[in-house]
Every structure is written in C-alpha cells, then in structure tokens.
Amino acid sequence: MKWFNTMSHHRWLEQETDRIFDFGKHAAVPTGFGWLGNNGQVRADMGTHLWITARMLHVYSVAAGMGRPGAYSLVDHGIRALNGALADKQHGGWYACVNDEGVVDASKQGYQHFFVLLGAASAVTTGHPDARALLDQAIGVIEKYFWSEDEQMCLESWDEAFSETEAYRGGNANMHAVEAFLIVYDVTHERKWLDRALRIASVIIHDVARRGEYRVNEHFDTQWNPIRDYNKDNPAHRFRAYGGTPGHWIEWGRLMLHLHAALEARFETPPAWLLEDAKGLFHATIRDAWAPDGADGFVYSVDWEGQPIVRERVRWPIVEAMGTAYALHCLTGEAQYESWYQTWWEYCVKYLMDYENGSWWQELDTDNKVTTKVWDGKQDIYHLLHCLVIPRLPLAPGLAPAVAAGLLDINAK
C-alpha cells in the first residue's frame, strides 16, 4: 500500500495542516505567542516563552508560504514581539520568558535563541520587510555568544548580561542549532552554516552516539565528555531528561538527511556516515522505545541499557519519527520506512488527535490515556509540521524555503 507522494494522502495531510494552523493562531498575545492549554485557550499563568514565540514565527512563515490568509499577520506579530517585549535592549539577545508585567526569566538560553534564528530565517522567505534585519540580529547574537570557535560547537546558556556562561554543553540545544543552521544556509547561501551543522552532527552522533549503539548522549561537560548520570534525580525534565530521549535520536536522523540533501544540491558528495547513522538512529529508536512494555507508543526516555525510564508517550517523538521515515524513504526507497510511517499514523489517529478540543494531545500514559507528567497543555504545533508538511517536500531546501519556492506537493502523482 502506497501513501508517499500520492495526491490522496497529500490532500489528507493538507486538511490536517489547516486544522493545526487554525488551532495555533489563538496563541497570539500582546507579548508574543502564549502557552495553549488542552482546550485551546492561552494559559496566562505560563507567561510568554521565547521558544514558543520563535517557533510560532517559524510555523506561520510556513503557513504564509502556503498561501494561508491570516498567516502573514501572525508573522508580523511574531517579529514585533521579538523586537519588543522579548528583546533585551540593554544587553542584547532575548529574554527566556516575559508576561504582561515584565520579565519573568532574564536568562539567555541557547535552545531558545536557536529558535529565534530559525524563526527569523523562515520569516525572510515571506518577504516581510523587517525579517532580514531580525535574522541579521539573531546571527550576530549567535556568532558572538553561542557559537564557540574554539570548540566548533555551540554553548548552552548565559546570564542576563552575557557575562557568565554555563559549565554544561547540551545536545538538545546543538541539535536545534543544526536545524536552524540549515535554514540560515538556505536563506544566505553561506557555506559555513553547513560546515557547522556537519561538525555538530559528527561530534554528537558519529563520534559519541554511534559508539553507544546510537543511544544519543545529550549532556556533556565543557570538554565535550558525556555526563551519563546528569539529571538522574529529575528524569522527566522537559529539556534535559536523564538518560536517552529517543525522540531526539530519530529527529537527529531527519536533520542529518536534510544536511545530506543540502550537500548533494551543491553537487558535493556527502559523507557516507550521514545516511548510515540516520538509519542507525531510526532503528535504535524503534528497538528501545517503541512499545517496550507491550502497549503501542514511544516512551519518553530510556537508560543506557535501553530500558524505559519515563514511560509516558509524549507527542513530539512519534511526529518526528514519521518525518524521518519519510526522509529515509526518499533516500533509500525501502518499503520498511513507509510501513512504519503508516503504522505511526494509525496510532496518532487512534490516540493523539483531538477533534473535540483541537490539535493533538501532548502526552499519554502507558495505557494511552491523556496525562500530564511531563507536559501540560498543547503549547506546541511546531513539531506537527514535520509529519504534515515535510512528507510533501523534497529534503532540500529546508521547510520554509522549500514551501516559499513552490515545491510543496511537487512529487505527488
């Protein structure tokens, strides 16, 4: 049974994409984009997070490229927020969280700044007159504070004044740096962004994860030595979980395949390990995290032997798995990846998609019932583009640039 590159499946994806876009637009608040609760209403108590606002700028840049009326005004709203309430006019960069009263968290987080970079680069594809200036500003902050020339990797975080950086190096932040760097390359055509993405992937995946059966280590000291017991007392951390987070393993696989495609588009021969390691990450995720306790779904985290730690089924890993299945099918043509893609869609329709309240549930328990151990609310529609839009695009250029270039559905027949 064939789904990939068929008009019938693409029409279904299009309908679901529009449902998600319609849900997300309700997140707009005066300070940016707020945290949406399970009923689709903004949770004022959560404040306005930089990462959510930047992601939503990215999302609605894609929507604008798809010709969705109303999306451009949300792009404008996101840019205004990043130039307004979330911007630190004194020290530079962007605050981690604000609310209507002022700054809630003044720290400067790499993870969040890389989403600003992604959102700004995506916004450039819409033609917004202020987007390129925002991108240039974001590039300046990344170059000055988050890209380490000495380490050829990205730093994790700083205090408000950019005077002290954290003695920790994070795989999660560096993964999203790779994501952003790929889109910045598409917009600027500066080769250094591909070189940096390749360097990061080579360290975290090819040098470290490959030697550990593709169980990706995300916590490192300042010398890039893995810290295997990091957050052992807080295993369900949203951004720095103890052990391995298999959703990131499979997400890494897709990003590496986009990098592979970007190099091929330059008529260069990509390193063979990009595809080899992407396959390894994909199958390691299934091996350790898919239904290890008998019930369908990806567990949130596992230990270094591959045994489940946090068994809740969080939404974003399966979304990323579908995007990576498509990417691997693009490069290999192997039927197994389309089969997994279809299996995971069946699961999502059965358990995750919420047609009553909107969007998808963020987290399920081991019986696939809604729970909130790790996440509470539906604040994120960014990951959903990776199973709704990416399977209708070539792997290069990246998401917003490809949509803006009119490449959506180009392979459908």
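1. Contact here means heavy atoms within 4.5 Å. The structure is a predicted model. By that criterion, and leaving aside residues up to four places away in sequence, Ile-381 touches Ile-20, Phe-23, Gly-24, Met-56, Val-59, Tyr-60, Arg-315 and Ser-359.

2. Ile-381 sits in the loop that runs between β13 (363-364) and α12 (385-388). Its relative accessibility is 1%, and buried means under 20%, so Ile-381 counts as buried. Ser-359, one of its contacts, is 22 residues apart from Ile-381 along the chain, with 7.8 Å between the two C-alpha atoms.

3. Helices α4 (residues 110-124) and α5 (residues 131-146) pack with their axes 8 Å apart and at an angle of about 150°. Angles over 145 degrees count as roughly antiparallel, and α4 and α5 are therefore described that way. Their crossing is left-handed.

4. Which residues of α4 meet α5? On the α4 side they are Gly-110, His-113, Phe-114, Val-116, Leu-117, Ala-120, Ala-121, Ala-123 and Val-124. The residues they meet in α5 include Arg-132, Leu-135, Ile-139, Ile-142 and Phe-146. By type, the residues of this contact comprise 15 nonpolar, two polar and one charged.

5. Arg-169 belongs to strand β10 (residues 169-170). Is Arg-169 buried or exposed? Its relative accessibility is 5%, so Arg-169 counts as buried.

6. The side chain of Arg-169 makes a polar contact of 2.9 Å with the side chain of Glu-151. It also reaches the backbone oxygen of Glu-166, at 3.1 Å. Among the residues that Arg-169 touches, not counting those up to four places away in sequence, are Cys-154, Leu-155, Glu-218, Phe-220, Asp-221 and Trp-224.

Conventions
Residues numbered from 1 in each chain as written. Predicted model: local features only at pLDDT ≥ 70, side-chain atom pairs only at ≥ 80, totals over all residues. Heavy atoms only, no water. Helix = DSSP H or I, 4+ residues; strand = E, 2+ residues; numbered from the N terminus. Buried < 20%, exposed > 50% of the residue type's maximum accessible area, 1.4 Å probe, protein only. Axes fitted to C-alpha atoms, helices over the stretch in contact; angles between N-to-C directions. Parallel < 35°, antiparallel > 145°, perpendicular 65-115°, else oblique. Left-handed = near helix turned anticlockwise from the far one by under 90°. Nonpolar A, V, L, I, M, F, W, Y, C, P; charged D, E, K, R; others polar. Polar contact = N/O pair within 3.5 Å; in protein donor to acceptor, adjacent residues only side chain to side chain.
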